[in-house]
Amino acid sequence: MVVLKNTYLMIGMGLSGGCAFIASYLMDVTMGNAEQYMAIMLVLLLDGFFGVIAGMKREGFKTYKALKVLKNIFAWVVILTVILSIELGFKGTSWLSETIIAPFMVFQMVSALKNASMAGFIKNELLNEILDRIDSHKGKRNK
């Protein structure tokens, strides 16, 4: 009976030690890169906020569309965590998060601007001017 009790104790201690290691590793990754996590969450929340308001004006409030914001945040936080783990694990890959995440953030900001315009927070003329400055290589817009 004593051997069985010690076995359960050892299994429990091993599992709790493994969970503590993973939790402390994730805490170190997130706290060392808190700016990247905050940027992703804020950009997605901004886009989602304006998207939900624009959607309410078009077709009324849809719960499943609002929940997509949380799903997207979770997915991109997991993606960023994996990318940062790769950067920590392999020397010479410190460019990986900037290469993958920065274009995503640009597209999400353009989406947030479009949603803000559709929600009535930004005038269409102002949005067109902002987009023209972003895409200046395509030439002037015909008015």
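Author: Let's start with a term: helices here are DSSP runs of H or I with at least four residues (strands are E runs of at least two), numbered from the N terminus. This is a predicted model, where local features need pLDDT of at least 70, side-chain atom pairs count only at pLDDT 80 or more, and totals for chains, interfaces and linings use all residues. Residues are numbered from 1 along each chain as its sequence is written, and side-chain values use heavy atoms, with hydrogens and water left out.

Reader: How much space lies in the largest pocket?

Author: Rolling a probe the size of a water molecule over the atoms shows where empty space is left. A pocket is an open set of points on a 1 Å grid over the protein atoms alone, where a 1.4 Å probe fits, with protein on both sides within 12 Å along at least five of seven lines; lining residues have an atom within 4 Å of a point. Points are joined across faces, edges and corners, and the volume is the space filled by probe spheres set on them. Here the largest pocket holds about 430 Å³. It has 22 lining residues, and Gly51, Val52, Lys65, Lys68 and Val69 are the closest to its centre.

Reader: Which helices supply at least two residues of that lining?

Author: Helix H2 (34–59), helix H3 (63–89) and helix H4 (96–119) do. H2 gives the most, ten residues.

Reader: What classes of residue does the lining have?

Author: Nine are nonpolar, seven polar and six charged. Nonpolar covers Ala, Val, Leu, Ile, Met, Phe, Trp, Tyr, Cys and Pro; charged covers Asp, Glu, Lys and Arg; the others, Gly among them, are polar.

Reader: Thr81, then: buried or exposed?

Author: Buried means under 20% relative accessible area, exposed over 50%, and partly exposed in between (1.4 Å probe, protein chains only). Thr81, in helix H3, counts as buried because its relative accessibility is 16%. Leaving aside residues up to four places away in sequence, Thr81 touches Leu26 and Tyr37 (contact means heavy atoms within 4.5 Å).

Reader: And Phe107: buried or exposed?

Author: Phe107 lies in helix H4 and counts as exposed, because its relative accessibility is 63%.

Reader: How many residues make up the largest nonpolar core?

Author: A nonpolar core is a set of buried Ala, Val, Leu, Ile, Met, Phe, Trp, Tyr and Cys residues joined through side-chain atoms within 4.5 Å. The largest has twelve, including Tyr37, Leu44, Val69 and Phe104. H3 brings the largest share of this core, five residues. A second, separate core of five residues includes Phe50, Leu113, Ala116 and Ile122.
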